[in-house]
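The following note sets out some points on the structure shown below. Please read them with the model at hand.

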Amino acid sequence: MERASSSSSPDAFGLLGLPERFDLDPAVIEQAFFDKSKDLHADRFASAPAAERVAALSRSRALNDAYQVVKKPVARAEYLLARAGVTIGDNERVEPELLMEVLELREELAEAKGAGKVAVASVGSADERGDAQRRAATIEALRANMAGRRDAAVGALAQLFERADLAAIKKQLILLRYLDRYLEECDAALDAED
Amino acid sequence: MLMQIAEPGQSKVKEACKPRVVGIDLGTTNSLVAHVEDGGPKCIGEDPLVPSVVWYGEASVLVGRAAEGRPGAVASVKRLIGRGMKDLAGVRAMLPYELEGDDRAVKLRAAGRTISPVEVSADILKTLKLRAETALGGPIEGAVITVPAYFDDAQRQATRDAARLAGLEVMRLMAEPTAAAVAYGLDRGSKGLYAVFDLGGGTFDISILKLVDGVFEVKATGGDSALGGDDLDRALAKEYVGPPADGVSRLDVATAVAEARRVKEALTDRERVDWRGHTVARDDLRRIAQPLLDRCGRACRRVLKDAELAREQLDGVILVGGSTRSPVVRDYVREVFGREPLCDLDPDQVVALGAAVQADVLAGGDHKLVLLDVVPLSLGVEMMGGVVEKLVHRQTTIPCGATQTFTTYADNQTGFDIHIVQGERETADACRSLARFVLRGVPPMIAGMARVEITFLVDADGLLRVTAKELATGVETSIEVKPSYGLTDEEVERMLVESFDHAEDDLARRNLAVERVEADRILAATRGAFASDDGLLEPDIRAAGERAMADLEVAARGDDYLKIRAAIEALDLATKPFAQARMNRAIEAQLRGKSIDEAEAGMER
């Protein structure tokens with residue numbers, strides 16, 4: 001099975017009663033979500049007849065899904081870009097420099113993951129626990145480094161949206177996909193050490 | 001203050017016909033049932049703690065204090081519910097009973113019979129139900145049952161099955177830390193960001209919530225559904241009595257673990273305790289607990305990371321669960337969060353109290369609050385090569401949904417193997433397997449041409465439903481699965497019948513009473529809605545509705561509850577377009593900025 005595409009809610013900003021723009025204060029998004037939740041939350045209709053309950057549940061779900069899209073800057077940017085008719089495919093062309101850098105970073109991560117795992121003499125030994133701790137520390141450091149880079153990349157999105165530079169936004173979002181994928185790999189590796 | 005969402009002037013009417021509902025904390029060590037009276041939640045029973053212990057005799061089943069200490073009594077089944085043999089490899093040796101089963105579900109052997117954790121949990125729930133019915137003077141019409149926030153889909157499903165088996169109508173499965181936050185929020189009028197540190201007998205949860213104006217939003221949740229005070233008891237027993245050796249009976253192991261628990265509890269108020277020729281100091285307990293506490297600490301740091309918060313941004317840390325009584329645990333929490341934790345509500349009762357409040361809210365009570373909980377672990381499907389594609393990420397607010405389209409990877413592939421998993425790891429085999437199904441009837445095409453749309457829907461209980469549709473030819477095949485680790489629906493039905501055995505008539509009578517009440521309610525509601533919203537009512541819908549109401553009245557006079565249920569469903573179906581029209585109008589009014597209540601007086605009962 002292979003991934004083809006995903007779809008998101010039709011009018012995420014409208015459901016939250018927010019203007020369709022990138023530059024939004026997180027506190028304003030949260031307040032809008034809380035206000036709408038008070039009116040639309042499925043629990044309000046818990047003792048209504050089945051048909052109304054079902055309708056209320058799907059309303060609640062649409063509102064929550066909209067919140068997921070709008071509250072996260074990257075999801076919000078991808079959504080706005082798609083609304084402007086620009087989509088990001090799975091096999092987008094990437095600049096060779098970025099590709100090289102990502103490959104190097106991933107190699108570093110792979111090394112960190114494997115360190116001390118070869119020829120473990122006795123499972124559960126103090127040596128092995130020490131190795132696991134060292135691995136976790138190395139991965140944490142790689143992760144923190146990348147997280148800083150990601151924050152900067154997200155921060156840059158606001159300016160690109162101000163200039164309405166769709167091509168640059170797309171390029172930035174492709175970069176962010178690589179960074180996010182890397183962060184996910186770090187987290188999965190840390191989980192494995194736990 | 002809390003938002004008032006209820007229609008003014010309706011609370012009295014509601015009070016009069018308020019359904020009898022309860023909140024239940026089904027714990028590893030103890031279980032409780034609570035309800036709301038005079039505006040406040042209260043636990044039921046002089047001693048509200050019912051030990052989660054069941055003893056199976058020749059002709060009788062004992063639950064709680066009566067079962068405690070009897071040879072062969074079954075305890076801590078919450079650790080087994082919704083789990084497979086593989087998950088339990090670590091604790092198996094220390095359990096006082098034998099397990100059998102596969103990687104999907106286990107059964108335990110006790111007192112010469114083989115029984116599933118779902119059935120044992122159902123026996124505990126039946127006792128709580130009876131306790132509540134006795135105290136409240138009538139049948140319980142609904143219950144909110146708490147589960148650890150970190151319970152996966154299989155564990156939640158199994159818990160719900162247990163409740164159904166006990167004859168309880170489950171209004172909601174509620175996360176334990178969220179329930180605790182509700183109890184605290186209402187009691188203290190708290191606002192801001194709170195961490196709930198919930199260490200019970202066998203599970204650990206850490207949730208971060210934002211409390212504001214009657215909204216309780218879970219920002220992130222984490223934990224370990226196999227980590228609790230039990231583990232500390234076992235570690236203590238291992239340290240001072242030695243690991244269970246060959247030839248040592250399971251009873252001896254159980255005795256040593258039970259003693260260890262008393263030693264641990266005694267160390268809450270005392271610095272040292274003599275036990276089996278050793279002097280155990282509180283610092284010994286601290287040393288033995290350290291590896292377990294470190295696991296808690298890791299989960300705490302991770303949940304802060306997920307919530308994108310630093311510990312300094314929190315307004316408080318709430319302690320929940322019997323294990324947080326230990327000073328060893330409190331000291332650790334203080335160290336991790338850098339502040340004095342809150343523990344002014346009874347950590348054993350607080351979860352049940354919060355669940356009772358939510359049950360009251362769902363039954364239309366006076367408290368108005370909105371709970372926004374999250375999915376604790378990501379949900380996804382297995383892709384080519386065993387990699388997981390996540391459709392719903394952890395910390396997504398529920399209810400939620402996600403749709404993704406997949407293509408074939410081989411030419412002329414006519415079936416889609418769909419494997420649904422839950423967890424954060426990269427590969428499917430490292431995640432929890434929830435369900436597998438094959439979507440057949442895909443027309444033979446070259447690779448990448450056939451398109452299958454997979455939809456995940458997570459409801460407010462955190463339970464997942466999956467639908468798959470084949471799109472390429474325009475012919476839609478649709479299949480629906482409900483992951484059911486514990487038991488299939490048929491098994492639950494069969495067990496329901498078996499467990500009631502000779503009490504089948506009782507069950508039928510109770511069902512009849514419940515369905516009749518429901519029929520009266522629906523009839524009154526529909527008549528009211530017809531009268532107040534005549535304008536939205538198409539003539540043919542009105543006619544169909546009137547017919548369905550007449551049928552329901554006839555059915556309600558008979559004594560076949562299934563017929564009444566069918567007539568209720570038929571009425572629901574007949575008036576669905578009308579209900580939808582009213583719903584749409586309510587939403588429109590809401591979007592125009594008008595309050596839903598102004599536009600909808602009389603919509604809610």
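1. The centres of domain 1 of chain A and domain 2 of chain A, taken over C-alpha atoms, are separated by 33 Å. Domain 1 covers 12–71 and domain 2 covers 96–193; such bounds come from an automatic or database domain assignment.

2. This is a predicted model, in which local features need pLDDT of at least 70 and side-chain atom pairs count only at pLDDT 80 or more, while totals for chains, interfaces and linings use all residues. Residues are numbered from 1 along each chain as its sequence is written, and chains are lettered from A and ligands numbered from 1 in the order in which they are written.

3. In chain A, helix α2 (residues 26–40) packs against helix α3 (residues 50–71) at an angle of about 180°, and their axes lie 11 Å apart. The axes are lines fitted to C-alpha atoms over the stretch in contact, and angles run from 0 to 180 degrees between N-to-C directions. Therefore α2(A) is roughly antiparallel to α3(A), a term for angles over 145 degrees. Helices here are DSSP runs (H or I, at least four residues), and strands are E runs of at least two, numbered from the N terminus.

4. Among the residues of α2(A) that meet α3(A) are F33(A) and L40(A); contact requires C-beta atoms, placed from the backbone, within 7 Å.

5. In chain B, strand β2 (residues 30–37) runs antiparallel to β3(B), joined by 4 bridges; pairing requires at least two DSSP bridges. V36(B) has P41(B) as its bridge partner in β3(B).

Methods: Parallel < 35°, antiparallel > 145°, perpendicular 65-115°, else oblique. Contact = placed C-beta atoms within 7 Å.
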